[in-house]
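Biologist: Hi! Could you walk me through this one? I have some time to go over it with you now.

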Amino acid sequence: MAVLKSPEELEKLRQEILSGRDPDKSCISVCAGAGCLASGVSEVIAAFKSEIEKQTLKADVDIKGTGCPGFCERGPVVVIYPEEICYLQVTPNDVPEIVSQTLKEKKVIDRLLYVDATSGAKAIHEYDIPFYKNQERNVICNNIKIDSKSIDDYLAIGGYSALTKVLSRMSGEEVVEEIKRSGLRGRGGAGFPTGKKWEGSRNDPEKTKYVIVNADEGDPGAFMDRALLEGNPHSILEGLIIGGFAIGAGEGYVYVRQEYPLAVVNISLAIMQARKYGLLGKNIIGTGFDFDVQVHQGAGAFVCGESTALMTALEGRVGEPRPKYVRSNIKGLWDKPSVLNNVETWANVPLIINNGAVWFTQIGTEGSKGTKIFSLVGKITNTGLVEIPMGMTLKDIIYKIGGGIPGGKKFKAVQTGGPSGGCIPEEQLDLEVGFDELTRAGSMMGSGGMIVMDEDTCMVDVARYFINFLTDESCGKCLPCREGLRQMNKILTKITEGKGKEGDIGLLEALSEAATEASLCALGKSAPNPFLSTLRYFRDEYEAHIREKRCPALYCKELIRYYIDPEKCRACLICLKKCPVDAIDGGKKKIHIIDQDKCTNCGTCFEVCPAHFAAVKKISGVPLPAPVPEEERIIT
Amino acid sequence: MNEIVLQIDGKEVKAREGMTILEAAQSAGMSIPRLCYHEKLIPFGGCRLCIVEAGSGSSVKLIVSCVYTVEENLMVRTRSEKIDRIRKTLLELLLAHAPGSPELQVLAKEYGADKDRFEKEASFCIHCGLCVRYCAEVKKLNAVGFVDRGVRKEICFIPEIASRECSKCMECFPLCPTSYLQAAYVLTEALAFSGSSSGSPSKNR
Amino acid sequence: MMYKKNTEKLTMDIERINQIIDKHQAEPGSLIQVLLEIQSENHWLPKEALKMVSEKLQVPLTRVQHIATFYKAFSLVPKGRHEIHICVGTACHVRGAKRVLEKVEDLTGIKSGETDQDLKFSLETVNCLGCCALGPVIEINGKTHGKISTTETADVLKSYM
């Protein structure tokens with residue numbers, strides 16, 4: 001494959017690839033993202049390959065492992081083109097039937113289709129499934145269509161056409177203007193206007209500049225960037241090269257967390273492929289623009305997702321953030337102007353160039369343009385990645401797309417913005433999602449994690465969890481964060497253990513002020529948010545823990561007791577046998593009783609008691625009922 | 001170099017371009033509390049005690065004066081209800097580690113900090129970083145460094161370098177506000193210098 | 001394996017470490033990448049490796065040491081044959097990761113961050129593996145198990161015992 005020497009040669013190659021492909025040819029696209037891989041999709045792909053071989057269909061059917069389409073709850077996900085029939089939770093055992101029924105006889109297999117939990121309606125096509133139907137999947141839509149390891153697949157769907165447009169028909173200044181006009185705001189957390197950031201770097205007289213992809217997606221619960229980088233690495237690369245051209249940078253970096261080995265592999269491969277085609281390196285497609293990219297792996301530090309810490313890590317140092325009095329787009333990596341943007345931000349760039357800034361401004365709200373990918377996880381029926389236009393309400397996301405709360409449980413809160421964000425309660429569900437709206441509600445957009453919580457979630461524990469997380473991840477350089485979080489962690493842990501006392505909330509608030517006002521970086525400054533937002537909306541839970549030693553959600557281990565309801569126990573012996581410390585006394589037809597002195601609160605009995613008995617209960621803040629007298633323990 | 005005129009606590013202060021607010025204040029005889037600052041070292045911005053308010057009206061913000069460079073006409077206030085309240089909390093966090101430090105006790109008295117507000121912590125290092133930075137930037141020996149991060153961060157001597165260099169230098173010792181440094185050195189010397197009872201094997205054993 | 005384990009001591013392939021350093025042109029900025037490669041092949045970073053990297057990259061040993069302890073990908077002690085990672089990210093936490101962790105600690109006898117005496121198991125908690133839709137998630141030797149209950153955890157672990 002010769003290096004492409006002009007935009008015309010690129011277009012010629014694209015046409016060659018397209019003409020070699022039959023759009024009506026059957027193609028089995030199987031999600032090969034990290035989530036489905038964990039659900040055993042490698043075996044499914046292998047089964048398809050061998051079945052196709054067996055049925056001598058190799059010439060008529062393509063099979064490809066693709067990027068993540070986002071419906072992770074129901075993986076492995078298989079979409080059959082050109083009909084776009086979507087099968088969910090496919091196992092290797094389903095494969096022979098799919099090949100013979102759907103591919104050969106064009107019949108749909110009902111049991112593999114999506115079924116709506118309430119109406120019972122089935123959806124045949126991907127675009128009929130409510131999870132997908134209500135989304136606006138501009139950025140992530142291509143994942144299921146391409147083999148993530150194929151540059152030709154990317155070219156076939158129009159890839160690198162934005163780059164050729166930029167390099168042959170636009171100036172760097174024009175590109176910056178277009179991004180500014182689009183209103184694109186950073187998708188990594190802070191929501192800083194991307195065009196403004198680029199402009200600052202472009203206008204700096206310094207000759208050496210850098211562009212950086214922040215793929216250190218550290219917010220627990222967020223995996224949008226993983227899906228994009230693994231699934232469609234060329235889209236991010238294309239955005240990065242355009243950005244480099246726009247600001248005048250000759251070098252780019254992709255900083256990927258090492259917990260995403262598949263993303264590291266796929267982006268490294270994409271870079272090699274792009275170099276081979278002359279889309280990276282010297283004189284890119286003959287336009288005179290020199291630009292190349294390096295991949296750096298993270299080494300397990302959440303703080304390196306902070307832009308100045310990331311740059312410090314790129315310099316081979318510990319990820320300690322720097323003061324932002326001089327912004328990093330002026331003095332960043334090696335003190336040079338550096339534009340650092342999130343994976344999703346970069347992925348939006350080719351779309352804006354191809355479709356125009358005006359197109360982008362027509363999606364979303366006044367202050368938040370475009371779409372945002374959220375990872376909808378936690379206590380939700382349809383977990384996965386959802387891409388929605390800014391302005392959609394939380395209620396629609398959670399219920400229309402997410403399918404509501406499973407198990408008949410009641411919604412309690414939705415946590416957004418990762419450890420820097422906050423919890424939003426039921427009364428705010430009509431909130432239209434946007435950067436400023438979420439901040440006003442006491443949370444923030446963050447990178448897009450959206451963790452749904454139900455009545456069984458203890459909000460004090462949520463605050464403790466995040467503070468504990470940040471205590472582990474704080475770089476430790478500045479006092480208010482390191483010591484403030486240390487003490488907050490201690491106090492919150494004590495509260496969840498029933499050792500809270502009056503005055504604790506006041507102390508937590510004082511520590512929150514110190515951290516918010518005086519910390520060095522955004523990690524410390526936003527660290528108190530989970531505590532402050534849960535205090536704002538769920539103060540009663542804090543007071544119950546402190547004053548009554550009661551956990552209203554029946555979660556905090558030290559504040560609950562497990563109790564077997566003698567009215568409901570049918571003495572089936574299941575919990576008795578499963579108890580790891582033999583704390584349950586009973587027998588066949590003899591009502592079981594938990595010996596509270598032996599019980600370690602592991603919760604196994606609660607987990608294994610058959611649902612139609614539901615005899616094991618959790619009790620908190622009230623004394624245990626008196627034990628059943630021996631004579632009444634026998635079931636007749 | 002250009003002269004910059006700014007206001008600190010209502011007083012006009014003349015400073016050179018590139019000076020930090022802390023340096024400018026010091027040159028005008030005004031004091032701002034600080035623990036991690038040293039005139040021979042690159043500003044660290046770790047203790048945050050030197051926070052001041054800058055700006056006026058709706059654009060007032062808290063900044064760290066040892067790092068922030070002077071700007072023409074900047075209006076700075078070194079004390080306010082908010083600043084004092086935060087400094088008090090910061091001191092109390094430090095006192096949980098080193099209630100016996102003379103430097104901390106002086107500051108505690110000024111800001112009404114209560115050494116018992118927070119539960120005591122085991123280590124009396126307050127992470128000002130003066131020892132590590134002095135050894136790296138001034139002596140260029142790197143005999144002592146930081147390890148780990150967050151609440152587990154500590155200083156750690158490199159026994160091979162420390163055993164060779166420290167006894168003839170010891171310039172960092174008087175810098176430590178809590179004497180933790182000396183204690184750490186003595187412990188390292190006892191445990192890890194070659195020839196020590198449990199250090200690397202030496203010919204004398 | 002880069003190190004040969006015998007009953008007396010661990011020895012290391014110095015040549016291999018030199019190769020890794022040279023591959024990155026001994027640039028100080030590549031320090032973390034170099035250590036990641038050594039960690040990946042050797043499963044831990046012996047002090048001798050830190051010293052070599054410090055000398056060849058012309059970086060103070062204090063900085064190498066700080067990096068080797070600051071970042072959780074590195075281990076200064078040998079790891080067990082089976083590396084267990086338990087995700088304690090928010091989505092997994094909300095779905096009961098704590099109980100899974102307790103179960104694993106119970107069955108292996110070690111706590112997070114530890115390795116057992118026989119160098120059989122190493123246990124680490126991870127702050128999100130990116131498989132949030134499948135919580136709770138545990139990873140053993142790179143193989144991910146999603147939607148795992150405490151009872152299933154016991155079964156999976158037993159297969160490694």
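Predicted model: local features only at pLDDT ≥ 70, side-chain atom pairs only at ≥ 80, totals over all residues.

Modeller: Happy to! Residues are numbered from 1 along each chain as its sequence is written, while chains are lettered from A and ligands numbered from 1 in the order in which they are written.

Biologist: Great. How many residues of chain B are in contact with chain C?

Modeller: Nine residues of chain B are in contact with eight residues of chain C. On the chain B side, strand S6 (residues 144-147) gives the largest share, three residues. Helices (H or I, at least four residues) and strands (E, at least two) are DSSP runs, numbered from the N terminus.

Biologist: And what classes does that side of chain B divide into?

Modeller: Five nonpolar, two polar and two charged residues. Ala, Val, Leu, Ile, Met, Phe, Trp, Tyr, Cys and Pro count as nonpolar, Asp, Glu, Lys and Arg as charged, and the others, Gly among them, as polar.

Biologist: Let's stay with chain C. What pattern does chain C follow along the sequence?

Modeller: Chain C has seven helices and six strands, and along the sequence the pattern reads β-β-α-α-α-α-β-α-α-β-β-β-α. The C-alpha trace of chain C spans about 50 × 35 × 25 Å along its principal axes. Of the 161 residues in chain C, 44% are buried. Buried requires 20 or more other C-beta atoms within 10 Å of a residue's own, exposed is 12 or fewer, and partly exposed is in between, with C-beta atoms placed from the backbone.

Biologist: What percentage of its contacts join residues at least 24 apart?

Modeller: For chain C, 58% of the contacts between residues at least 6 apart in sequence do that.

Biologist: Now the helices. At what angle do H1 and H2 of chain C pack?

Modeller: H1(C) (residues 14-23) and H2(C) (residues 31-42) pack at about 145°, and their axes are 9 Å apart. The axes are lines fitted to C-alpha atoms, for helices over the stretch in contact, and angles run from 0 to 180 degrees between N-to-C directions.

Biologist: Which residues meet there?

Modeller: From H1(C), Ile17(C), Ile20(C) and Ile21(C) meet Val34(C), Glu37(C) and Ile38(C) of H2(C). That contact has five nonpolar residues, no polar ones and one charged.

Biologist: Changing topic: which residues touch the most other members of the largest nonpolar core?

Modeller: That core has 285 residues, and Ile242(A), Cys131(B), Leu35(C) and Ile86(C) touch the most other members. Its largest share, nine residues, comes from helix H18 (residues 459-473) of chain A. A nonpolar core here is a set of buried Ala, Val, Leu, Ile, Met, Phe, Trp, Tyr and Cys residues joined through C-beta atoms within 7 Å. A second, separate core of 16 residues includes Ile564(A), Leu576(A), Ile584(A) and Ala615(A).

Biologist: What does Ile86(C) touch?

Modeller: Not counting residues up to four places away in sequence, Ile86(C) touches Ala97(C), Val100(C), Leu101(C), Val104(C), Thr125(C), Val126(C) and Ile138(C).

Biologist: Over to chain A, then. Is Leu280(A) buried or exposed?

Modeller: Leu280(A) is buried, because 22 other C-beta atoms lie within 10 Å. Leu280(A) sits in the loop between helix H12 (261-276) and strand S9 (292-297) of chain A. Beyond four places in sequence, its contacts include Ile241(A), Phe291(A) and Val293(A). Leu280(A) and Ile241(A) are 39 residues apart in sequence, with their C-alpha atoms 8.0 Å apart.

Biologist: And Glu71(B), where does that one lie?

Modeller: Also in a loop, between strand S4 (61-64) and strand S5 (75-77) of chain B. Glu71(B) counts as partly exposed because it has 15 C-beta neighbours inside 10 Å. Leaving aside neighbours within four places in sequence, Glu71(B) is in contact with Ile4(B) and Leu6(B).

Biologist: Last one: what domains does chain B have?

Modeller: The assignment gives domain 1 (1-78), domain 2 (80-122) and domain 3 (130-192); such bounds come from an automatic or database domain assignment. The C-alpha centres of domain 1 and domain 3 of chain B lie 30 Å apart, and their contact takes seven residues from domain 1 and seven residues from domain 3.

Terms used: Contact = placed C-beta atoms within 7 Å.
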